[in-house]
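Hello,

Please open it and read the notes beside it.

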Amino acid sequence: LLMTGNPIRKELAENKITKTEGLKFFGLKHERTVLVVGGSLGAKSINGTILKNIDVFKKNNIQLIWQTGKTFAPEAARLEEDKSHIWTNSFINNMEYAYAAADMVVSRAGAMAVSELCVVGKAVIFVPYPHAAEDHQTANANALVTKKAALIIPDNQVDDKLMDTLLKLINDERLMDEMSGNIKELAAMHADELIVSEIFKDLSTNLGD
């Protein structure tokens, strides 16, 4: 059995974009910034809590890059119109800029999200999707939590705990740095090369037979 990890796009694996460049891309200032990622369809629990607490970001001088998913995009776009500290869209095509701009991330815990966050080395609060097969997203997140590389909030506790946890984390630079270092140590940097190498190895073995 060979553990390869998940292939990561070259733009992320070799991300040389600075925080300043990332913030400029989203039209934001050089202030503390949270990236909230809810998947392509949007995470209802995360989006609902962010919406209810949108003024908390402004009060605490925190900017928000919010990838809402399709279903929540129109409502979030209306908020963005009169709030200069928020950038929202249903999807982010240039995630390398979002990761560069962000001080911390709130995300589901699918395999690709976890792999990307390990590679970019960001402090993260995972909210696992509760209906994933065999609850694998919770297992993904807990594998990092046990190594002090992430925090986790169950989906049914998001409303009560997300904002308090988010504010505590972004105000604790030492903890963010520690989590960032720990999660980066878990990155599989060359998964694509390993996978291709193993395929060719199997092919040559079978052809030899």
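**Helix α8 and the rest**

Helix α8 spans residues 136-145, and its buried residues include Gln137, Ala141 and Leu144. Viewed along the axis of α8, the buried residues fall within an arc of 55 degrees, so they line one face of the helix. What do these residues pack against? The buried residues of α8 pack against α7 (111-120), β5 (123-126), β6 (151-152) and α10 (173-184).

Please keep in mind that this is a predicted model.

Now the overall picture. The protein has eleven helices and six strands. It is 209 residues in length, and 42% of them are buried. Among contacts with a separation of 6 or more, 69% are between residues 24 or more positions apart. The exposed surface comes to about 11400 Å², with carbon and sulfur atoms supplying 53% of it.

Next, Thr33. This residue is in strand β1, which covers residues 33-37. Is Thr33 buried or exposed? Its relative accessibility is 0%, so Thr33 counts as buried; the cut-off for buried is under 20%. Thr33 and Ile62 are 29 residues apart in sequence, yet their C-alpha atoms are 5.6 Å apart in space. The side chains of Thr33 and Gln63 are joined by a polar contact of 3.0 Å. Leaving aside neighbours within four places in sequence, the contacts of Thr33 also include Lys19, Leu23, Ala101, Asp103 and Ile170.

His85 sits in the loop between α5 (73-81) and β3 (86-89). With a relative accessibility of 7%, His85 counts as buried too, because the cut-off is under 20%. Not counting residues up to four places away in sequence, His85 touches Leu28, Ile54, Phe57, Lys58, Ile62, Gln63 and Leu64.

Last, the nonpolar cores. The largest one has 30 residues, of which Val34, Ile50, Trp66, Met104, Val106 and Leu166 touch the most other members. Helix α9 (residues 158-170) gives the largest share of this core, seven residues. Apart from this core lies another, of 28 residues, including Leu35, Tyr99, Ala101 and Val105.

Which residues does Val34 touch, not counting those up to four places away in sequence? They are Phe57, Ile62, Gln63, Leu64, Ile65, Met104, Val106, Leu166 and Ile170.

Regards

Technical notes. Residues numbered from 1 in each chain as written. Predicted model: local features only at pLDDT ≥ 70, side-chain atom pairs only at ≥ 80, totals over all residues. Heavy atoms only, no water. Helix = DSSP H or I, 4+ residues; strand = E, 2+ residues; numbered from the N terminus. Buried < 20%, exposed > 50% of the residue type's maximum accessible area, 1.4 Å probe, protein only. Contact = heavy atoms within 4.5 Å. Areas by Shrake-Rupley, 256 points an atom, 1.4 Å probe, with all protein chains shown as cover. Arc of directions from axis to C-beta. Polar contact = N/O pair within 3.5 Å; in protein donor to acceptor, adjacent residues only side chain to side chain. Core = buried A, V, L, I, M, F, W, Y, C linked by side-chain atoms within 4.5 Å.
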